[in-house]
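Student: Could you go through this structure with me, starting with helix packing and then turning to charged pairs?

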Amino acid sequence: GDFNRLFGSDWAAVGGRARDDADSPPVPPVGGSTLQLIAAGPDVADDPLHDLLIQACHAAAGRIWIVTPYYLPTPALSDALAIALRRGVDLRLMVPLKSNQRLADLARGSFLRELQDRGAQVRMFAQVMVHAKAVLLDDRALVGSANVDARSLLLNYEAMVLLENPADVAAVELWMEPLMQQAISPIPASSRARRAVESLFRLAAPIL
């Protein structure tokens, strides 16, 4: 139901024919998981995905583990992660060593070093371009299409699913932990010239 309504809204936003419930017959429930769909985009009131992520970071007591291809956080999210680190939360972030977006890689450098200097474990996966997006927040998990960047969280059409069943959260952890163990940590040092370039590109982070 929620996914059908989200598809219908997005379809209408790009000029598709209006849909009604008769176009999408109900699908019987399968399995025992409870999933909560969280959408983001210009057709969604307020910023529920961004706000949920910030609230969950402020509420986290044990861990925040993030896998994302691009890391260009909003100021509010940066602050929430910094506060979590000061509380002693186990904060781990994994990004690809090189993504498919050169400008985003240049813009992320100062954000990554800032997080690492505050005590986070920042890791870079070198084997392949990891394009998955997942966040573990204590005993909950978020998976879906949104990157941890301002454009994804505030501007793009995105959808994430909140998982709260222990077995589902454990499955995300089982996928995430070996990836992080294989990744490079700490992040490689950067030259002074690269840091200067990264600082310039950081200014454009909200639109990259």
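Tutor: What follows is a short talk about a pair of helices and then about salt bridges. This is a predicted model, in which local features need pLDDT of at least 70 and side-chain atom pairs count only at pLDDT 80 or more, while totals for chains, interfaces and linings use all residues. Residues are numbered from 1 along each chain as its sequence is written, and side-chain values use heavy atoms, with hydrogens and water left out.

Student: At what angle do helix 2 and helix 3 pack?

Tutor: Helix 2 (residues 48–59) packs against helix 3 (residues 75–86) at an angle of about 15 degrees, and their axes lie 8 Å apart. That makes helix 2 roughly parallel to helix 3, a label used for angles under 35 degrees, with over 145 counting as roughly antiparallel, 65 to 115 as roughly perpendicular and the rest as oblique. The axes are lines fitted to C-alpha atoms over the stretch in contact, and angles run from 0 to 180 degrees between N-to-C directions. Helices here are DSSP runs of H or I with at least four residues, and strands are runs of E with at least two, numbered from the N terminus.

Student: And which residues of helix 2 and helix 3 meet?

Tutor: From helix 2, His50, Leu53, Ile54, Cys57 and His58 meet Ala76, Leu77, Ala80, Leu81, Ile83 and Ala84 of helix 3, where contact means heavy atoms within 4.5 Å. By class, this contact has nine nonpolar, two polar and no charged residues.

Student: Switching topic, how many salt bridges are found in the whole structure?

Tutor: The search finds four, a salt bridge being a side-chain nitrogen of Lys or Arg within 4 Å of a carboxyl oxygen of Asp or Glu. One of them joins the side chains of Arg63 and Glu173, at 3.1 Å from N to O. This pair links distant parts of the chain, with Arg63 in strand 2 (residues 63–67) and Glu173 in helix 6 (residues 166–182), 110 residues apart.

Student: Is Arg63 buried or exposed?

Tutor: Arg63 is buried, with a relative accessible area of 15%, whereas Glu173 counts as partly exposed at 24%. Buried means under 20% relative accessible area, exposed over 50% and partly exposed in between, using a 1.4 Å probe and protein chains only.

Student: What about Asp90 and Arg92?

Tutor: Their side chains also meet in a salt bridge, at 3.0 Å from N to O. Arg92 is buried at 18%, while Asp90 is partly exposed at 22%.

Conventions:
Nonpolar A, V, L, I, M, F, W, Y, C, P; charged D, E, K, R; others polar.
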